[in-house]
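Open the structure in your viewer and keep the selection panel at hand. The stops below each give something to select, followed by what is there.

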Amino acid sequence: MMVEISRQRKVVNAVMLSLSGLCTVVVIAVLFFILGYLLWHGISSLNLDFFTKLPKPSGESGGGMANAIVGSGKVLLLATAIGVPVGFLAGVYLAEYSGKAFAFLLRYVVDLLNGVPSIVIGIVAYAVVVRPMRHYSTFAGGLALGIMMIPIAVRTTEEFLRAIPNSLREGALALGATKAKTVFTVVVPAAISGLVSGMMLNLARVAGETAPLLFTALGNTFWSKGWLAPTATLPVMIYNYAIAPEEDLHKQAWAAGFVLLTLVLLINVTARVIIARGPASARR
Amino acid sequence: MATPQAIRPTQINVPIETESVKASPMAKLKIRNLNFYYGSFQALHDIDMAIQPNKITAFIGPSGCGKSTFLRTMNRMNETVRNTKVEGELLLDDENLLTMDVTNVRRRVGMVFQKSNPFPKSIFDNVAYGLHVNGIRKKSVIEDAVQRSLEHAALWTEVKDTLNRPASALSGGQQQRLCIARALAVEPEVLLLDEPCSALDPIATLKIEELLFQIKNLTTIVIVTHNMQQAARLADSTGFFLLGKLIEFNDTRKIFQNPGKKETEDYVTGRFG
Ligand SMILES: Nc1ncnc2c1ncn2[C@@H]1O[C@H](COP(=O)(O)OP(=O)(O)O)[C@@H](O)[C@H]1O
Ligand SMILES: [Mg+2]
């Protein structure tokens, strides 16, 4: 009887193990397939021009996406400048100050915000920023992505701060530190590597967002005239080129996809390295 | 060991003992009618005590009897726990500790915890932290204070060449001495220690006991310990707690050799607890 059961367990165990092993292989394969596929189709367009030249007028071949690369950089910079401070401070409040009932409510609202589809955030940014200003702009795009970063920024901050043992807070308070001093000179520094990498993953997550940019940053075949003017971005460029008829544009779209994915992966890997190398208190 | 019969007469000492608590103009800390509550649970009952300056006062008693709670009312650390209430009087140099600015109280009444809790910073920055917090910015002043504090904590010779290394690299005993140095850096008038050696081996424990003895002239020391030999070795006065009440508070020698209460006698002779 016992032997029966243990044999059955072993079989189940073996099946589960090989199944999950197989799925792991699939996950890895998918990533490398996508990377390889992008590279395969885009490699012919991946040259110095791609990174340094403006798009050519339609009909002409060649040219590059320098404006979209810079545009994406600016949009993401602005998104970080908006989403990270707001989310971080709200997370600090949630972890260190708020009462139980309010924390519950705030967490709930944050989760709801996280569930708002990106296209809806784009429409709202269009209605409250683009329309009144009568301009599509880098600013509107950055704002839309920044809002998208807030929920994760809040929850990441809260989780990493909560992981810091209370004994550290008490140690600082016992030396006459105020609550705010304690939080910002002991608790936050103790969690810093987790916080930084969390924010980087957050950035990587919105870096490929296209929908909210379609009607905020719009697009631009030339260099953007500034933060309040429309700008090209990599995701929107991919979208536009992929649905264009010209074969050459398709190739450029693949190349742009490869560049975007590589960028996202790089941010991810850097974030993981920071976590792994961080102080023990943040790793826990 | 004294027999219970022999102890009875010493109970006459009790009124004198309370007398000495009341008539103690010299006391660094005076505690009168202190009651403490976690929500509806009363953890301390009518504590009266006077803690003498530049002496070592030890609290003993079975776990859960309120020693830590009492210690943590003296620097108002209990205020960080939600839903607590304190009643009675706590005087620091005749000043009402409960109405003083709390950061000021904690600067004047330092604390070392049961589990060493160095900040994830360098050794130097750990010791300097309290100075920074209290607005001291001058580098030379900070450097002097760091060295002095580490010397008092008997740690200087071991770390003087590695001040910029992370505190986490130190051994357990060194970390606890670092926490003592950190507390001493702001020159507290009272130093509270809550079972500071409970996680340490005998040699590390002995080092800490020695240094506490050395710094008696700098500050007033109050130490909670579950180790009765430690109380007997270190303390000038010892208080015995049971179920949130201060059963007896007297000269350490008296507590251990000729206790005034049956409960104390039972505890110090190891009959329970
Ligand atoms: N944060 C808290 N909330 C509620 N009850 C507590 C808390 N801390 C301690 N207590 C209770 O108060 C009593 C005294 O605890 P404590 O002061 O830690 O005792 P000791 O230090 O003597 O072991 C115990 O019954 C304990 O359960
Ligand atoms: Mg305790």
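Select B:F70 together with its contacts: outside the four places either side of it in sequence, B:F70 touches B:I31, B:L34, B:L44, B:I47, B:M49, B:F59 and B:F241. The model is a predicted one. B:F70 belongs to helix α3 of chain B, residues 67-73. Is B:F70 buried or exposed? With a relative accessible area of 0%, B:F70 is buried, the cut-off being under 20%. Now put a distance label between the C-alpha atoms of B:F70 and B:L34: the separation is 9.0 Å, for two residues that lie 36 residues apart along the chain.

Stay in chain B and select residues 123-133, which form helix α5. Of these 11 residues, 9 are buried, so α5(B) is largely enclosed by the rest of the structure. Colour the buried ones: B:I123, B:F124, B:N126, B:V127, B:A128, B:Y129, B:G130, B:L131 and B:V133. What covers them? The cover comes from both chains: it includes α7 (166-173) and α8 (179-190) of chain A, and also α6 (139-152), α7 (156-159) and α8 (172-184) of chain B. After α5(B) comes B:G135, with a positive phi near 85 degrees.

Go on to B:A154, in the loop that links α6 and α7 of chain B. B:A154 is not a glycine, yet its phi is positive, about 55 degrees. Its relative accessible area is 33%, so B:A154 counts as partly exposed.

Select A:L218, which sits in the loop between α10 and α11 of chain A. A:L218 is another residue that is not a glycine and has a positive phi, here about 65 degrees. A:L218 is partly exposed, as its relative accessible area of 35% shows.

How many helices and strands does chain A have? There are 13 helices and 0 strands. The C-alpha trace of chain A spans about 70 × 60 × 30 Å along its principal axes. Chain A has 284 residues, and 43% of them count as buried.

Next, select residues 234-242 and 247-277 of chain A, which are helices α11 and α12. Their axes are 8 Å apart and the packing angle is about 155 degrees. The angle is over 145 degrees, which means that α11(A) is roughly antiparallel to α12(A). The crossing of α11(A) over α12(A) is left-handed. Show side chains for the contact: α11(A) contributes A:L234, A:P235, A:I238, A:Y241 and A:A242, while α12(A) contributes A:L249, A:H250, A:Q252, A:A253, A:A256, A:G257, A:V259 and A:L260. By type, the residues of this contact are 10 nonpolar, 3 polar and no charged.

Note on methods. Residues are numbered from 1 along each chain as its sequence is written. Chains are lettered from A and ligands numbered from 1 in the order in which they are written. This is a predicted model: local features need pLDDT of at least 70, side-chain atom pairs count only at pLDDT 80 or more; totals for chains, interfaces and linings use all residues. Side-chain values use heavy atoms; hydrogens and water are left out. Axes are lines fitted to C-alpha atoms, for helices over the stretch in contact, and angles run from 0 to 180 degrees between N-to-C directions. Helices (H or I, at least four residues) and strands (E, at least two) are DSSP runs, numbered from the N terminus. Angles under 35 degrees count as roughly parallel, over 145 as roughly antiparallel, 65 to 115 as roughly perpendicular and the rest as oblique. A crossing is left-handed if the near helix is turned anticlockwise from the far one by less than a right angle, and right-handed if clockwise. Contact means heavy atoms within 4.5 Å. Ala, Val, Leu, Ile, Met, Phe, Trp, Tyr, Cys and Pro count as nonpolar, Asp, Glu, Lys and Arg as charged, and the others, Gly among them, as polar. Buried means under 20% relative accessible area, exposed over 50%, partly exposed in between (1.4 Å probe, protein chains only).
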